[in-house]
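Here's a quick walk through one structure, one topic at a time. Have a look at it first, then read on.

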Amino acid sequence: MTEADLTTAPSAGDPRAGSDDVGASLWRVAFRRLRRNPGAIAGAVIVLAFVLVAAFAPLIANYDAGELPGRADVRPTFIPGPSDEFPLGIDRYGADLFSQLVWGARASLLVGVLSTLVGLLGGMLLGLVAGAFGGWVDALTMRAVDLMLSVPSLLLAVSIAAVIGQTSTSVIIAIGVVQVPIFARLLRGSMLAQRGQDYVLAASSLGLSRRTVTMNHVLPNSVSPVIVQATLMLATAVIEAAALSFLGLGGGAPTTAEWGRMLTAAQNELEVAPRLALWPGVCIAVTALGFTLFGEALREALDPRSRKR
């Protein structure tokens, strides 16, 4: 029986005894709880819709990204609103607002996923080193992590993006670096907690090496909170990507489809066409809400202390 099975199997006096959770793995029990959680379902629907829109953007959008089909209709004091040809109207450059939002979903998903992967891989590497070796290696690694955490996340991301350059790659690296210390501390703390469990002592008593115990037993049982945190950090990554683009650090032309850049372009037209700022803001808020709802529900489903009896 694995450690995950031990955490989900109830004792004889547990009210859960006799339920479907008995003998089931941690992830199977979590999936059952997610199916009964309205917040998890709502979050999953939002995230799935976001992914589908991003994946099938060429089929959903009426025009290609950056195409300006209605530029001749735009005047400084008048920006055409919704019409049969343009469901949400056009922006000041003459681009179809609906198409820009659809293509912006793809850009936001790409930046969010890649930056979270950068942060996850970097953080897990540091957390694994600190949690596996301990001693001075742990102390030195955690001091470096504390130094990164001492700088406000948005300020650190802005500084990195400004130094590297105004490109999509710089935004991905900047957001990923900001997330590294969060994942590192989380994995390191989880591994330290697992190292004190009885199954680790039993594995060591059987003569298994530290490397085998760490990689085959401690690490697999420590990654659940990290995976949950990665889901939550996707929401943060989408918001931070929009913030960097809003500050002009996202790179690309003003007509490039990206939600944060669309908010920047809409600042001068708030009195003429407030919808230009409303729709990108709604997209950012709803997408972040979807990842947050699903991530919180996943955290509760995997946390034995928060399970309903």
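How far apart do the end C-alpha atoms of residues 170–187 lie, and how much of the span is helix?

## Spans listed in the record

The answer is 26 Å, with the span 100% helix and 0% strand. Keep in mind that this is a predicted model. Residues 170–187 come from UniProt, where an unreviewed entry lists them under "transmembrane region" along with 40–61, 107–133, 145–164, 232–257 and 277–298.

## How confident is the model?

Averaged over the protein, pLDDT comes to 81, and 85% of the residues score at least 70. Residues 1–19 are another story: pLDDT is below 50 there, although the stretch still makes 30 contacts in the model beyond near neighbours in sequence.

Going by element, helix α1 (residues 3–8) has the lowest mean pLDDT, 44. The highest, 91, belongs to helix α3 (residues 38–55).

Helix α10 runs over residues 210–218, and V213, T214 and V218 are buried in it. Why do they count as being on the same side of α10? Because they cover an arc of only 95 degrees around the axis. As background, an α-helix has 3.6 residues a turn, so residues three or four places apart point the same way.

On the other side of α10, R211 and N216 are exposed. As for what covers the buried residues, the list includes α5 (97–133), α8 (168–195) and α9 (198–205).

## Q179, tucked into α8

One of those covering helices, α8, is also where Q179 sits. Is Q179 buried or exposed? Its relative accessible area is 0%, so Q179 is buried.

Which residues does Q179 touch, once those up to four places away in sequence are left out? They are S115, T116, G119, M233 and A237.

A probe the size of a water molecule, rolled over the atoms, shows where empty space is left. For this model, the count of cavities of 30 Å³ or more is 1. The largest cavity holds about 110 Å³ of space. It has 11 lining residues, and D91, L97, M262, A265 and A266 are the closest to its centre.

Which helix gives the most to that lining? It's α12, with 4 residues. Both α5 and α12 (259–266) supply at least two residues each.

Technical notes. Residues numbered from 1 in each chain as written. Predicted model: local features only at pLDDT ≥ 70, side-chain atom pairs only at ≥ 80, totals over all residues. Heavy atoms only, no water. Buried < 20%, exposed > 50% of the residue type's maximum accessible area, 1.4 Å probe, protein only. Arc of directions from axis to C-beta. Contact = heavy atoms within 4.5 Å. UniProt positions renumbered as here; feature names shortened; annotations may be inferred. pLDDT = per-residue confidence, 0-100. 1 Å grid on protein atoms, 1.4 Å probe; cavity = no way out; pocket = protein on both sides within 12 Å on 5 of 7 lines; lining within 4 Å. Points joined across faces, edges and corners; volume = space filled by probe spheres on them.
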